Amino acid sequence: MPSLESNKTPSWPKQILAWIEAHPHLVTALFALAPLGFMLRDLAYDWLTANPIQELTFRTGKVGLVLLVGSLACSPLNAISGLRFALKIRRDLGLFGFLYISLHLLIFTALDLGLDVALIVSATSQKLFVLAGMASFALLIPLAITSTKGWQRRLGKRWKPLHKLVYLALPIAALHYVWLVKADIRTPLAYAAIIGLLLLARVPAVRGWMSSLRRRVETGLRGPAAGKQKQNPFPRYPPAKPGDISEKSIL
Amino acid sequence: MRTRLPAIPSSEITAEGVYLSRRKALRLGGAALSAAALAACGVSAPPPTSSAPIGPMLTPAPTPDTREPAAAKATDELGDKLTPYASVTTYNNFYEFSTSKEAVASLSKNFKGWPWQVTVGGLVNKPKTYDIDDLRRKFDQEERIYRLRCVEAWSMVIPWVGFPLSKLLKEVEPNAKAKYVRFESLQDPAQFPGQRDPFYRWPYVEGLRLDEAMNDLTLMVTGLYGKTLPAANGAPLRLAVPWKYGFKSIKSIVKIDLVEEQPTSLWMSAASNEYGFYSNVNPSVSHPRWLQDTERRIGELSRRKSLMFNGYEAQVQDLYKGMDLKRNY
């Protein structure tokens with residue numbers, strides 16, 4: 001019971017976890033910007049291989065994809081584990097992902113193709129992977145713009161369907177990856193499979209099954225009595241302290 | 001483009017290891033050999049002796065080649081600058097080690113490129129197994145500055161050291177039935193971690209039509225920048241076919257067979273719709289992924305136009321007279 005332990009100082013891993021809990025945006029920013037830091041360091045030290053433009057293109061694309069997939073994973077993660085923290089960083093991950101993909105496209109068009117319009121057009125029309133990449137990026141633009149609270153309010157009920165465009169943008173991004181690698185498509189297929197699973201987790205039946213699974217696991221851990229008492233499938237995390245009334249306001 | 005190495009036969013040049021040990025001996029025997037006397041005679045280095053077992057290109061692999069990279073010219077015949085040694089030796093497509101081009105240099109550090117034998121056989125009158133040292137001794141080693149154009153649309157200019165494949169083939173005498181040359185790389189998953197990946201059909205196999213193989217441009221490579229070939233570049237023996245995409249230039253060759261049927265290369269078996277048998281550098285034949293009409297020269301910021309047959313049209317176009325190069329990609 002928390003009340004019994006409240007006089008004790010929590011152990012340091014718990015303190016760190018609590019700090020992370022309390023600073024979701026800062027923590028996400030630190031993790032998301034670290035790869036950019038490494039890229040700048042490697043650029044300064046000339047550690048970006050003999051083909052730095054290609055290396056930067058690959059790295060920004062990969063980090064962007066990972067962050068976007070991470071953003072897509074947030075709500076299923078919350079559904080299956082009750083981890084509210086995941087919901088708090090969903091937009092951050094999406095926006096940082098968009099930042100990297102913007103850099104990715106900028107490096108490709110400006111550095112690699114030298115902003116040569118004819119070359120960009122011929123690349124987009126000739127290479128399926130370029131077309132897919134451009135399409136995926138185009139779908140992400142309105143999502144990045146309307147990610148603010150202001151736009152959320154202005155769009156009202158239309159905001160949610162608009163942001164479901166990411167369900168289209170990410171499979172196309174995976175296709176972009178599948179089409180650009182040389183013969184061995186196992187890694188891109190792994191990304192495609194993860195994206196597929198994360199989309200599957202959005203099907204109402206699957207979502208219901210995940211929530212019930214979580215409830216059953218919790219019931220098993222706490223005993224049937226505790227399970228019966230539980231009403232809210234998405235409890236506040238961390239659990240409310242006695243006397244904290246905010247739990248009520250959420251319900 | 002083509003430079004003969006110094007007039008002194010390579011067998012006359014003292015191997016570095018031997019040279020160093022002689023220097024040591026000289027220093028030790030300094031009392032007997034007065035330095036002043038040597039200088040008076042104009043002798044700056046001990047004269048080569050017939051007992052010297054090997055020349056510079058015959059440097060045995062067990063002692064690392066610490067000579068400074070050097071080339072006879074700073075550009076190729078088109079005036080394009082040589083790609084720096086550091087780039088040539090640290091940015092390598094060598095899937096036997098890794099699919100990551102930057103990982104190859106460190107993964108190949110302990111590769112055993114010596115002793116090494118190459119079996120030349122198939123449809124020939126005189127099949128023979130050559131020791132790598134024999135090949136270096138038997139055939140004049142010359143420097144050739146070639147452009148290397150990777151199918152991934154990047155390119156380098158490399159001063160290779162080696163000898164024309166035609167010389168080797170003439171020695172084994174291909175018979176009348178021989179139409180193609182099939183090359184095979186070493187199969188050794190203990191040394192080649194990439195070969196533990198069953199995705200590719202190891203060992204690496206490549207092939208040339210016999211007339212392509214006999215073309216004077218086709219080089220058996222034993223070194224680059226005047227040094228023994230580094231493991232990352234396909235030690236101790238690789239091919240350089242400069243008018244074809246880089247993957248045709250097979251590395252770490254152990255077997256060369258003259259055959260009647262067109263060989264199936266590793267890349268043909270991995271993705272035959274993308275990698276054909278000929279794989280000539282051809283800006284007008286597009287590839288699903290890479291822009292083949294332009295390329296990035298390693299070390300340069302902007303792209304440059306890719307050249308038909310990688311700029312070797314004059315030397316090789318006769319090989320493909322009347323052929324549809326779009327179909328025979």
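Helices in this account are DSSP runs of class H or I with at least four residues, numbered from the N terminus. The model described here is predicted.

In chain A, helix α4 covers residues 52–81. Just after α4(A) comes Gly82(A), whose phi is positive, at about 70°.

The two chains meet at an interface in which 15 residues of chain A are in contact with 18 residues of chain B. On the side of chain A that touches chain B, the elements giving two or more residues are α7 (117–126), α8 (128–145) and α11 (166–180). The most comes from α7(A), with 3 residues. Sorted by class, this side of chain A has 9 nonpolar, 4 polar and 2 charged residues.

Within chain B, strand β12 (residues 294–297) pairs with two strands discussed here. With β5(B), residues 154–164, the pairing is parallel and extends over 2 bridges; Ser155(B) stands opposite Arg297(B) of β12(B). With β13(B), residues 304–305, the strand β12(B) runs antiparallel, again joined by 2 bridges. There, Thr294(B) has Lys305(B) in β13(B) as its bridge partner. The hairpin of β12(B) and β13(B) has 6 residues between the strands, and in this hairpin Gly299(B) takes a positive phi near 100°.

Key
Residues numbered from 1 in each chain as written. Chains lettered and ligands numbered in written order. Predicted model: local features only at pLDDT ≥ 70, side-chain atom pairs only at ≥ 80, totals over all residues. Expected span 1.5 Å × (residues − 1). Contact = placed C-beta atoms within 7 Å. Nonpolar A, V, L, I, M, F, W, Y, C, P; charged D, E, K, R; others polar. Pairing = 2+ DSSP bridges.
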